[in-house]
Amino acid sequence: MWQTFLVGRYRKRSGISYPQMYAEKAEVEGSEAALRFNCMQRAHQNTLESIPLVFISTVVAGLKYPVLAAAMCGAYSFARIIYTIGYKSGQPKRRTLGALGSNFAVVGLISVATYSAYQLLPAC
């Protein structure tokens, strides 16, 4: 929800009206607000792209390792906050630390979910 509000705020500041998803290249070149809107929009979109995998792997991992799954999902959420703060600065390279943290959390969740699923399989 936080990212959604930020996108709305940056959209208003940049003057980009609906239904336009992003500022055009010419708008970005002429306006810092348009660049920051694009960065915020991309941070939000990227989070939406990864969230189904995070939710599913958290649920599956949580069947056997609920505390570990919750901790990894929390780490993912914290890393996405860092990612968003870095990206919305208008300097996309500042998102790297948050991206690395969230990617490590996702890999951990997938690994634990895979192992949990394996453990839940009936013995042959």
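Me: A crossing of two helices counts as left-handed if the near helix is turned anticlockwise from the far one by less than a right angle, and as right-handed if clockwise. With that in mind, which hand does the crossing of α1 and α3 have?

Reply: In this predicted model, α1 and α3 cross in the left-handed sense.

Me: And why is α1 called roughly antiparallel to α3?

Reply: Helix α1 (residues 2-14) packs against α3 at about 160°, with the axes 8 Å apart. Angles over 145 degrees count as roughly antiparallel, so that is the label α1 and α3 get.

Me: Which residues make that contact?

Reply: On the α1 side they include Leu 6, Val 7, Tyr 10 and Arg 13, and on the α3 side Phe 37, Met 40 and His 44 are among them.

Me: Now the aromatics. How many aromatic pairs turn up in the whole structure?

Reply: Two. One of them is Tyr 65 with Tyr 115.

Me: What makes Tyr 65 and Tyr 115 a stacked pair?

Reply: Their centres are 6.4 Å apart and their planes 20° apart. The pairing limit is 6.5 Å and stacked means planes under 30 degrees apart, so both tests are passed.

Me: Where in the chain do Tyr 65 and Tyr 115 sit?

Reply: Tyr 65 is in the loop between α3 (32-64) and α4 (66-87), while Tyr 115 is in helix α5 (residues 96-120); they are 50 residues apart, and the pair links distant parts of the chain.

Me: Why is the pair of Tyr 83 and Tyr 87 called edge-to-face?

Reply: The ring centres are 5.6 Å apart and the planes meet at 85°. Edge-to-face needs over 60 degrees, so that's what the Tyr 83 and Tyr 87 pair is. Both lie in helix α4, four residues apart, about one turn of the helix.

Me: Are Tyr 83 and Tyr 87 buried or exposed?

Reply: Buried means under 20%. Tyr 83 has 4% relative accessibility and Tyr 87 has 10%, so both count as buried.

Me: What makes Arg 11 a charge over the ring of Tyr 18?

Reply: The charged end of Arg 11 is 4.1 Å from the ring centre, against a limit of 6 Å. Arg 13 lies over the face of Tyr 10 as well, at 5.3 Å from the ring centre.

Methods: Residues numbered from 1 in each chain as written. Predicted model: local features only at pLDDT ≥ 70, side-chain atom pairs only at ≥ 80, totals over all residues. Heavy atoms only, no water. Phe/Tyr/Trp six-rings, centres within 6.5 Å; stacked < 30°, edge-to-face > 60°. Helix = DSSP H or I, 4+ residues; strand = E, 2+ residues; numbered from the N terminus. Buried < 20%, exposed > 50% of the residue type's maximum accessible area, 1.4 Å probe, protein only. Lys NZ or Arg CZ within 6 Å of the ring centre and 35° of its normal. Axes fitted to C-alpha atoms, helices over the stretch in contact; angles between N-to-C directions. Parallel < 35°, antiparallel > 145°, perpendicular 65-115°, else oblique. Contact = heavy atoms within 4.5 Å.
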